[in-house]
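Here is a quick tour of a few spots in this model. Have the sequence and the coordinates open as you read.

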Amino acid sequence: MSSGKELAEGSSSSPTDPHAHQQPTTPSRYESQKRRDWNTFGQYLKNQRPPVPLSQCNSNHVLEFLRYLDQFGKTKVHLQGCMFFGQPEPPAPCTCPLRQAWGSLDALIGRLRAAYEENGGSPETNPFASGAIRVYLREVRECQAKARGIPYKKKKKATTQSKGNDESSSTVHFS
């Protein structure tokens, strides 16, 4: 059984201390990554010539940032003329470029979109939420899927289709 003295000695904060109920919180992995991504994007804007203030950032700056990140990618994306184009597991190395994987870019945009609004940006002016970004990500996804021979099928919300419809569902339609 512990005495009141031991409990009092274990706590250095008083009830009037505004930090009394705060635990030393470690940000989640997602929150840490979001902060790093936000800082990286801010640094990218500062390094532009001339520097771009965040208030003047638009979807074109975001697209340039995504293309810039490709140089650090680790996903082999075969070019149209490569003999391994369309093969998910090529038997030998080739000189095709490494790019950022679509999934990584998609997750990055999600984090930056949230960070923009958390840092005072308006949802209406969020450059990470623009249609141009969605189009770019869709094109990257389709291009990488073709280059790597991985069929991408959009997930269906309801699986109530009849089995006889399989033929039409395997055709990919681009709009």
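## Helix α3 and its cover

In this predicted model, helix α3 runs over residues 59-69, and its buried residues are Ser 59, His 61, Val 62, Leu 63, Phe 65, Leu 66 and Leu 69. The cover over those buried residues includes α2 (29-46), α4 (102-118) and α5.

Look at the start of α3 too: there, Asn 58 puts a side-chain oxygen within 2.8 Å of the backbone nitrogen of Asn 60.

## Rings around α3

The aromatic pairs number 10. Take Phe 41 and Phe 65: with ring centres 5.0 Å apart and planes at 80 degrees, beyond the 60 degree cut-off, the two count as edge-to-face. Since Phe 41 sits in helix α2 and Phe 65 in helix α3, the pair ties together parts that are 24 residues apart in sequence. Both of these Phe residues are buried.

Tyr 68 and Phe 72 also pair edge-to-face, at 5.5 Å centre to centre and 80 degrees between the planes. Here Tyr 68 is partly exposed, at 35% relative accessibility, and Phe 72 is partly exposed as well, at 46%.

Of its 15 lining residues, Val 77, Arg 99, Glu 139, Val 140 and Cys 143 lie nearest the centre.

Which helix gives the largest share of the lining? That's α5 (residues 131-147), with seven residues.

Notes
Residues numbered from 1 in each chain as written. Predicted model: local features only at pLDDT ≥ 70, side-chain atom pairs only at ≥ 80, totals over all residues. Heavy atoms only, no water. 1 Å grid on protein atoms, 1.4 Å probe; cavity = no way out; pocket = protein on both sides within 12 Å on 5 of 7 lines; lining within 4 Å. Helix = DSSP H or I, 4+ residues; strand = E, 2+ residues; numbered from the N terminus. Buried < 20%, exposed > 50% of the residue type's maximum accessible area, 1.4 Å probe, protein only. Contact = heavy atoms within 4.5 Å. Polar contact = N/O pair within 3.5 Å; in protein donor to acceptor, adjacent residues only side chain to side chain. Phe/Tyr/Trp six-rings, centres within 6.5 Å; stacked < 30°, edge-to-face > 60°.
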